[in-house]
Amino acid sequence: MQIWVDADACPNVIKEILFRAAERRRIPLVLVANQPMHTPPSQFISSVRVTAGFDVADNHIVKHVQAGDLAVTADIPLAAAVIERRGYALNPRGEFYSNENIGQRLAMRNLMEELRSSGEQIGGPARLNQRDRMAFANELDRFLTRCAASG
């Protein structure tokens with residue numbers, strides 16, 4: 001099992017949680033971004049710099065993710081592609097995407113995108129708060145504990 005991070009948009013506080021988890025659990029963690037990424041020295045943590053461009057990092061993750069891997073992303077189409085490849089997808093607010101909710105999330109994303117493109121002034125998501133960080137850390141820990149117990 002490996003953890004993939006859509007790192008361009010991932011908040012630093014979430015990356016720090018992931019760094020600690022990768023070290024503690026001895027799980028490979030790969031940050032994928034189109035800009036240089038600072039990672040702590042670790043045999044478990046690495047980064048891949050991809051060329052700039054629309055969905056280049058996402059495509060790299062989809063190409064390399066294996067069944068059972070975890071992707072950390074707020075990008076709903078990327079999450080859908082990971083789930084399709086039998087991986088798991090967790091957003092930085094601690095919510096897992098699943099076969100049961102991904103269709104609804106994609107539809108809502110597309111609706112919001114359509115409204116924005118028609119000129120509607122729609123705010124983006126709320127800032128990540130302490131509760132979100134705790135939810136992420138807790139869900140990540142539960143997931144990694146289940147994975148360790150099953151294999």
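I looked up Asp132 to begin with: it is buried, with a relative accessible area of 10%. I use buried for under 20% relative accessible area, exposed for over 50%, and partly exposed for what lies in between, with a 1.4 Å probe and protein chains only. The model is predicted: local features need pLDDT of at least 70, side-chain atom pairs count only at pLDDT 80 or more, and totals for chains, interfaces and linings use all residues. Residues are numbered from 1 along each chain as its sequence is written, and side-chain values use heavy atoms, with hydrogens and water left out.

**Salt bridges**

Which side chain does Asp132 meet in a salt bridge? I found Arg93, at 2.7 Å from N to O. Asp132 lies in helix H5 and Arg93 in the loop between S5 and S6, so the pair ties together parts that are 39 residues apart in sequence. Arg93 is partly exposed, with a relative accessible area of 24%.

My rule for a salt bridge is a side-chain nitrogen of Lys or Arg within 4 Å of a carboxyl oxygen of Asp or Glu. By this rule I count 4 salt bridges.

Next I checked Asp141. Its side chain meets that of Arg25 in a salt bridge, 2.6 Å from N to O. Asp141 is in helix H5 and Arg25 in helix H1, so this pair ties together parts that are 116 residues apart in sequence. Asp141 is partly exposed at 32% relative accessible area. Arg25 is partly exposed too, at 25%. I also noted a network of salt bridges that links Arg24, Arg25 and Asp141.

Then I turned to Glu139 and Arg142. Their side chains form a salt bridge at 2.7 Å, N to O. Both residues lie in helix H5, 3 residues apart, about one turn of the helix. Glu139 counts as partly exposed at 21% relative accessibility, and Arg142 as partly exposed at 43%.

**The sheet**

I take helices (H or I, at least four residues) and strands (E, at least two) as DSSP runs, numbered from the N terminus. Two strands pair if DSSP finds at least two bridges between them.

In what order do the strands of the sheet run? I read S3-S2-S1-S4-S5-S6, an open sheet of 6 strands with mixed pairing. The edge strands are S3 (45-49) and S6 (96-97), and each pairs on one side only. Strand S4 (residues 70-72) pairs with strand S5 (residues 88-90) in the parallel sense, over 3 bridges. Val72 has Leu90 in S5 as its bridge partner.

Helix H1 (residues 12-25) packs on the sheet and touches S1 (3-6), S2 (29-33), S3 and S4. Its direction makes about 150° with that of S2. Helix H5 (residues 130-150) also packs on the sheet, touching S1, S4, S5 and S6. The direction of H5 makes about 160° with that of S5. Contact here means heavy atoms within 4.5 Å. Axes are lines fitted to C-alpha atoms, for helices over the stretch in contact, and angles run from 0 to 180 degrees between N-to-C directions.

**H2 against H3**

At what angle do H2 and H3 pack? I have about 10° for helix H2 (residues 56-64) and helix H3 (residues 76-84), with their axes 9 Å apart. The two are therefore roughly parallel to each other; angles under 35 degrees count as roughly parallel, over 145 as roughly antiparallel, 65 to 115 as roughly perpendicular and the rest as oblique. Asp58, Ile61 and Val62 in H2 meet Leu78, Ala81 and Val82 in H3.
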